[in-house]
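Please read them with the structure open.

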Amino acid sequence: MSASSNEHKQCASKLVGTDSKACSICVGQEARYTCPRCNIPYCSLACYRHEKHGSCSEAFYKDWVIDELSHSSAGKEDREKILEILQREQEARDEDDVDSDDDEEDADNPDLAERLEGLDLDADAGDVWRRLTEKEKQEFSHMLEDGRLANLVEVWTPWWVKDKPSSETEEEVGTVEHAGKNQPQILRDIPDINILLKKSKPSSDLRFCLVNVLYSYAFITRLHNGDHLESPLESAQDLLSMSAVLGQGSNCTSTCEALHMCTHSIQQNPSKWNMNQEMIVDIIEDVVQLLSGPGVVSPLSYVMSALSDVTVLLKAGYKACQKELKVSGSKDAPLRPVKKGLFMAEKKVEFLLSWAHRYGMAARDLIPELRLEFELQRTAITSVNETKKQFETAWGGKRPQPSKPLIQEIS
């Protein structure tokens, strides 16, 4: 008898004790069987495979397979297949051992709340990352890639979005003044446009430029989930990239042109904005709500608040840019043209704010046109999606099946 067999029998004698009728594994059921290798009594297959008896059962299976292979008349190919199966099982057990090691490693680490105690999750992002375990970092990266992390972030509700009434009639709704939640404060001491333009009158095209700025504002605030002022330089640069009126000094001569300039900016860099077509069209509805205002008492309140918020953002972005330039100490830094662009855009918005303060009601005349544009684009998207669905149904997938050759060469 081998030495290993003697060890297993000694182990069995310790497990059995004085009660030979009870299962030595679970010690709760009557023993019906005896292990042929170590003579330990057990009650079921589950107990035979239990970790307490694992070393003996695995050794028994291994010896049995080796003995069977040595006496079997199977060919070389069959033996290789059996060995491959055994190898895969061994690798699976090794992976389980690695997972158990990871669990032990997690047990050695303090609780996550304890490791992050005293840290500012916003200001100390680097320290937070360093205190995560490797397993937590990998899980975080996976959640970021597959979109689960985005689902954990609460979607911001814009301050200009009105709650749908439940019981009031349309006439009653029109008279109700809606107070936007967290509505930005309107800047004070807005100069009169007629004083700024002493010898001329403001162009009627300014209402179209306002549409372009409002669309860009709604887009950027939604893109940053309402936290655009938390990173003012990045948000201000995004605003200038979106709005041709602010970023390039362009002029709009129609509502369609004002909207097209914005959608063109999105289409030029789709990977940066990462917005679907439905969302791009829905921003038009945001512009309509901004122009409609909270009610008949102060119809321009939302427009003035939006332009004031844009002014605050551009000023904050300008200061952040100025600070970075001061730290870098280089006059040829890439941020210098950005600083100039932010300053010019701020002056442009202040001019629009002054115009809207006196002539903003003229922009409200564009609401029916904006609603028509919204419905047309929505209808076009629905039509495209329906056509796409019909083709995919006919193809049996997102792409057509490869066509069979009409003539096939016979060899």
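1. Which residues of α16 are buried? They are Ile-280, Val-281, Ile-283, Ile-284, Asp-286, Val-287, Val-288, Gln-289, Leu-290, Leu-291 and Ser-292. Buried means under 20% relative accessible area, exposed over 50%, and partly exposed in between, with a 1.4 Å probe and protein chains only.

2. A word on the source. This is a predicted model: local features need pLDDT of at least 70, side-chain atom pairs count only at pLDDT 80 or more, and totals for chains, interfaces and linings use all residues. Residues are numbered from 1 along each chain as its sequence is written, and side-chain values use heavy atoms, with hydrogens and water left out.

3. The overall make-up. The protein has 19 helices and two strands. These are DSSP runs, numbered from the N terminus: helices are H or I with at least four residues, strands are E with at least two. Of the 411 residues, 33% are buried. The accessible surface is about 27,300 Å², and carbon and sulfur atoms hold 52% of that. Areas come from the Shrake-Rupley method with a 1.4 Å probe; for residues, only the protein chains shown count as cover.

4. Contacts along the chain. Take contacts (heavy atoms within 4.5 Å) between residues at least 6 apart in sequence. Of these, 65% join residues at least 24 apart.

5. Back to α16. Its 16 residues reach 24 Å from first C-alpha to last, close to the 22 Å expected at 1.5 Å a residue. The expected span is 1.5 Å times one less than the number of residues. Cover for the buried residues of α16 includes α11, α14, α17 (301–328) and α19. Just after α16, Gly-293 has a positive phi of about 75°.

6. Helix α14 (residues 255–268). Its 14 residues should span 20 Å, and the end C-alpha atoms are 20 Å apart, which agrees. Buried here are Thr-255, Ala-258, Leu-259, Met-261, Cys-262, Thr-263, Ser-265 and Ile-266. Their cover includes α11 (206–223), α12 (232–242), α13 (244–247), α15 (270–273), α16 (277–292) and α19 (367–395). At the start of α14, a side-chain oxygen of Ser-254 comes within 3.1 Å of the backbone nitrogen of Glu-257.

7. Cysteines. A search of the whole structure finds zero disulfides (pairs of cysteine sulfur atoms within 2.5 Å). Cys-209 is in none; the nearest cysteine sulfur, that of Cys-252, is 4.6 Å away. Cys-209 counts as buried because its relative accessibility is 0%. Cys-321 also counts as buried, at 0% relative accessibility.

Key: Polar contact = N/O pair within 3.5 Å; in protein donor to acceptor, adjacent residues only side chain to side chain.
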